[in-house]
Amino acid sequence: MKLPNFASLGHSTPVLERSHAIPTACLTLVALFSAQTQAQESDLVSLVNEFRGSSQSCGDGEAQAVGPLAPNEALALPLATSGTQLQQALQDSGYRPAKLQAISVSGPADAQSAMQALKQRYCAPLRSQDYAEIGVSRDGTTWQVLLAKPLLAPDLGDWQQVGKNILQRVNEARAKSRRCGSQSFDPAPALSWNAELGDTALAHSRDMAKQKYFAHQAPDGSQVSDRASRAGYRWERIGENIAAGQGSAEQVVAGWLASPGHCSNIMNATFTEMGAAYAINKDSAAVSYWTQVFGKPR
């Protein structure tokens, strides 16, 4: 595991010899500050995923979009002052990454400023397909970002059952109002499983895994609309989310919900049906490839 050097951060912990009652107003302020900090950390995850989904490159020209990162609380660790400390914290959290990169920036006061600093100094890892999960921690104006690739089980289970697990989690998300980036959504009706959309999702996941690419457009030029029609689905509206590297239905849905564009698809009330599937290629960089297809029939 290769970890970057961390700048030494001085922290002192006062020794308390007496206990004192904390006024309710102080507790309220502490809770408010904690909520604001968590919101900034969540906003940074959303901005990272928005960047990964764009065509902005780390140099001149354009780059291909990469899949969203799923937030994982086990990676939202207290700020570490060394690689050894971080390794111990990871061990204590129970997280076992196949690959990990730790990033630390100091100075930014909010998520937008932190994102600008991260893009300038760590563009390549932020856009890397090697990572599938993310954890963000903040202490004042110092931000810690952990990018990880989880260890995948040798068999994630029957693709159709996993797809229906995705459907269940998507419907749980649609049952509540939600903010996707800057856009707010009211609760949306539950989606139903459609076998033809499931077949469409499976075909694209298998094609991405076999040919080792990650894109909505397949090498033969087809888009999700073409693939759904091939599967016999007569659609009025069609949409697609893709991801790579996640190891469970929970992880992949968490990644989509943390990405503004993918989240908007999930919360789109005009869709009524869904199919989802995954495929594995252990010889590829991402290993797992995920597709979710939304539809509204004619």
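Two strands pair if DSSP finds at least two bridges between them. The model is predicted.

- Strand 2 pairs with strand 4 (residues 142–150) over 9 bridges, in the antiparallel sense.
- Across from Leu-100 stands Ala-148, a residue of strand 4.

**The salt bridge of Lys-99 and Asp-130**

- Lys-99 and Asp-130 meet through their side chains in a salt bridge, with 2.7 Å from N to O.
- The pair links distant parts of the chain, 31 residues apart.
- Lys-99 belongs to strand 2, whereas Asp-130 lies in the loop between helix 3 (111–126) and strand 3 (133–139).
- Lys-99 counts as partly exposed because its relative accessibility is 35%.
- Asp-130 has a relative accessible area of 25%, so this residue is partly exposed.

**The salt bridge of Arg-227 and Glu-240**

- Arg-227 forms a salt bridge with Glu-240, and the closest N and O atoms are 3.0 Å apart.
- This pair also links distant parts of the chain: Arg-227 sits in helix 6 (residues 224–230) and Glu-240 in strand 8 (residues 235–244), 13 residues apart.
- Arg-227 counts as buried because its relative accessibility is 7%, a value under the 20% cut-off.
- Glu-240 is buried, with a relative accessible area of 7%.

**The salt bridge of Lys-296 and Glu-236**

- A salt bridge joins the side chains of Lys-296 and Glu-236, at 3.6 Å from N to O.
- Lys-296 is in strand 10 (residues 288–297) and Glu-236 is in strand 8, so the pair links distant parts of the chain, 60 residues apart.
- Lys-296 has a relative accessible area of 28% and is therefore partly exposed.
- Glu-236 counts as partly exposed because its relative accessibility is 45%.

How values were computed: Residues numbered from 1 in each chain as written. Predicted model: local features only at pLDDT ≥ 70, side-chain atom pairs only at ≥ 80, totals over all residues. Heavy atoms only, no water. Helix = DSSP H or I, 4+ residues; strand = E, 2+ residues; numbered from the N terminus. Salt bridge = Lys/Arg side-chain N within 4 Å of Asp/Glu carboxyl O. Buried < 20%, exposed > 50% of the residue type's maximum accessible area, 1.4 Å probe, protein only.
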